[in-house]
Number of protein chains: 2
Amino acid sequence: MRIEAVDFFYCAMPEVLDIGDGSQDLLLVRLRAGPFVGWGECEASPLPTIAALVCPMSHAACKPVRASVLGQALETPADVARIGDLVRANSADLLQADHALSGIDIALWDLLGRRFGEPVWRLLGIARPEPRLPYASVLFGDEPQETLAKARAIRAAGYRAAKFGWGPYGRGTVEADADQVAAAREGLGPGGVLLVDAGTVWGEDVAAARERLPALKAAGATWLEEPFVGGAVSAYAALAAESAPVALAGGEGAHNVWQARHLIDHGGIGFVQVDAGRIGGITPAREVAGYARARGVAYVNHTFTSHLALSASLQPFADHPAGALCEYPAEPTALAVEATRRHIGRDVDGMVRLPEGPGLGIEPDLEALRRYLVPVEIRVGGQTLYETPALTG
Amino acid sequence: MRIEAVDFFYCAMPEVLDIGDGSQDLLLVRLRAGPFVGWGECEASPLPTIAALVCPMSHAACKPVRASVLGQALETPADVARIGDLVRANSADLLQADHALSGIDIALWDLLGRRFGEPVWRLLGIARPEPRLPYASVLFGDEPQETLAKARAIRAAGYRAAKFGWGPYGRGTVEADADQVAAAREGLGPGGVLLVDAGTVWGEDVAAARERLPALKAAGATWLEEPFVGGAVSAYAALAAESAPVALAGGEGAHNVWQARHLIDHGGIGFVQVDAGRIGGITPAREVAGYARARGVAYVNHTFTSHLALSASLQPFADHPAGALCEYPAEPTALAVEATRRHIGRDVDGMVRLPEGPGLGIEPDLEALRRYLVPVEIRVGGQTLYETPALTG
């Protein structure tokens, strides 16, 4: 079969707030090949990503992403990898292309799975997906009391692990941050896995991050995530040298395999966090999962949006040891919840398991998503290059 | 003064060909502050970059680039750096933002220079810009005979250095590549500086690149550029270990300081090539120039477009030793030539010198550019977010 159509759909909450909640909009991808449809999601700013799909060619290595996907044969997983390589070569100078490719690669796997009636993890060569220990991923409260209440609620909801991030953390005093971390620990109880996300707040300032280590060690935090921007690998390495037993985690911004590998090879991280919706899809995410595992670095998904994205992000490391952590959005917007009819729930043992159904095993709820659809029209040189298509299956 | 307007203009040749010539379109940036205007250029796919400027906010770290620029105070070079930091923080998850910022940063420097009546290099703290040895940057011919003729013409035109790249190089046999390189050397004569650009053709395949080293060594090539994609730093390091006296060159795709630093720190390159129109502008390019110099790595501009872009790309290393190489577009399109009325010519000694005039010292030719202007209209949710403005000064 051949890819006959590639369509992007921009959905958003009626009001998008200036907070660190990445689930306020989403970019859905639909691929068609013969009678089959595959769905994916880009973790990306929707408008520039749509533009990357349809823009005019600038030169041989700066083509619209669509040009490397439409008409391509899709019969085997090798075709998915081949199409990704084509996009990376033909759109090498189009920065946003990796984000556009991400949702396309996911949809290619979904489409292939639906065609063969197999879950994506089986197409990846995984015999049985292992259960994951979900951590509730939430924002710090504005005050420690609010964080304490959130942590208690997370514990009461049965979570054994939680990550607190963004909000005021790293933006005030060292003492204020210590209070926040202590509040999170108190609310989770002594047995919970506590993770802290600094959201790149210190840029590449190792000294600022170092001051926060004592409180993290005292609270028994498992990791400190993104103390620095993703590229600042030497800063990661410097902090990692003194952070034990607190590990460093990072990599969510990686938009290709190499950036994740840099952090593993030169940044001293203990956990590499990959968003399949940014790194170029399931294919490169799976490559990083293998690379990390061979080097004793734990792979963790980065997911803050829908359960379609969650399924995609859990596939690449489904064969990693049972009980390994996975990010699990715990404060999703109505859009992220309603985006799919089925959800990847937590089982009675508190663990998360990948669906057994074909493809991603999770389908978008088109009726719901149509209510959030943001119409877009792009005209260049008098021609309409993009107009939001009808959101149908 | 405050930034009152940020406008992007998409210009393109009437026909854009599927060849490795990046001068077939350009994205011009105009900033206004009080009575002053500054101009810049993004080396970027125009449509996604316009979208990055104007897109709706997705969340706190995924805002349109415009939001971090409009209304900002601009009094000193420190303000330029501050605005760049704002964009990188507020648009951290918007991949295309670095390319959009690049032209804005350049225009901020131009604007500041025009306000104070000083050339940008003086604002950068450079007392006197040193002359550069320009290399003619051209594509390999389809056949060695064509390459030979090109090299002879370049030599006849007075160039003492030339770079051949893309085209068939790396896509056929080792022997065919050797013939191409030998033809280039023959045409340039024994005294000319010969540079070869593989255009990332070998991905991260060290063995394929290694096979080309004997011909490059035999021809006395000064560098082999981009044997691999920019992120494949370990492949660079492996090849660098056996390439001497041929140095490796790379870095043109770097869209932030860290990526260029990776190649310097871990890739073993001898030349770091930075495009000010991609890395985030003159500010981060200047940072890389200092970083490279301190480590004995030569900094070279990457420039394939207009002489406005050429001036911008020569500023960051204007104080590096006299006679250092600079890239000089030798086969520009009519658009790239007509984009500015004045050009940075080669002096009687064959060297290139930065203009002494305020700002970049090169102004866009608006009358000419209007002939190449591509009208764009972007509508989101029923609102027009972008419509090509009038191209006036």
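In this predicted model, strand 9 (residues 271-274) of chain B runs parallel to strand 10 of chain B, and four bridges join the pair. A rotation of 180° with 0.0 Å of shift along its axis places chain B on chain A, with an RMSD of 0.0 Å. The two copies are therefore related as by a two-fold rotation axis.

**The contact between the chains**

- Chain A contributes 47 residues to the contact, and chain B contributes 48 residues.
- On the side of chain B that touches chain A, at least two residues come from each of helix 1 (46-54), helix 3 (97-116), helix 10 (257-266) and strand 12 (376-380) of chain B.
- Strand 12 of chain B gives the largest share of that side, five residues.
- By residue type, the side of chain B that touches chain A comprises 24 nonpolar, 17 polar and seven charged residues.
- Strand 12 (residues 376-380) of chain A pairs with strand 12 of chain B in the antiparallel sense over five bridges.
- In this pairing, Ile378(A) has Ile378(B), in strand 12 of chain B, as its bridge partner.

**Helix 10 of chain A**

- Helix 10 (residues 257-266) of chain A is mostly covered, with eight of its ten residues buried.
- Among the buried residues of helix 10 of chain A are Trp258(A), Arg261(A) and His262(A).
- Within chain A, the buried residues of this helix pack against helix 9 (233-243), strand 8 (247-250), strand 9 (271-274) and helix 11 (282-294).
- The buried residues of helix 10 of chain A also pack against helix 9 (233-243) and helix 10 of chain B.
- After helix 10 of chain A comes Gly268(A), which has a positive phi near 70°.

**The nonpolar core**

- The largest nonpolar core has 262 residues.
- The residues with the most contacts inside this core are Ala162(A), Val272(A), Ala162(B) and Val272(B).
- Leaving aside neighbours within four places in sequence, Ala162(B) is in contact with residues including Tyr135(B), Val138(B), Ile154(B), Leu188(B) and Leu195(B).

Methods:
Residues numbered from 1 in each chain as written. Chains lettered and ligands numbered in written order. Predicted model: local features only at pLDDT ≥ 70, side-chain atom pairs only at ≥ 80, totals over all residues. Contact = placed C-beta atoms within 7 Å. Nonpolar A, V, L, I, M, F, W, Y, C, P; charged D, E, K, R; others polar. Pairing = 2+ DSSP bridges. Core = buried A, V, L, I, M, F, W, Y, C linked by C-beta atoms within 7 Å. Buried ≥ 20, exposed ≤ 12 C-beta atoms within 10 Å, placed from the backbone. Least-squares fit on C-alpha atoms with pLDDT ≥ 70 in both.
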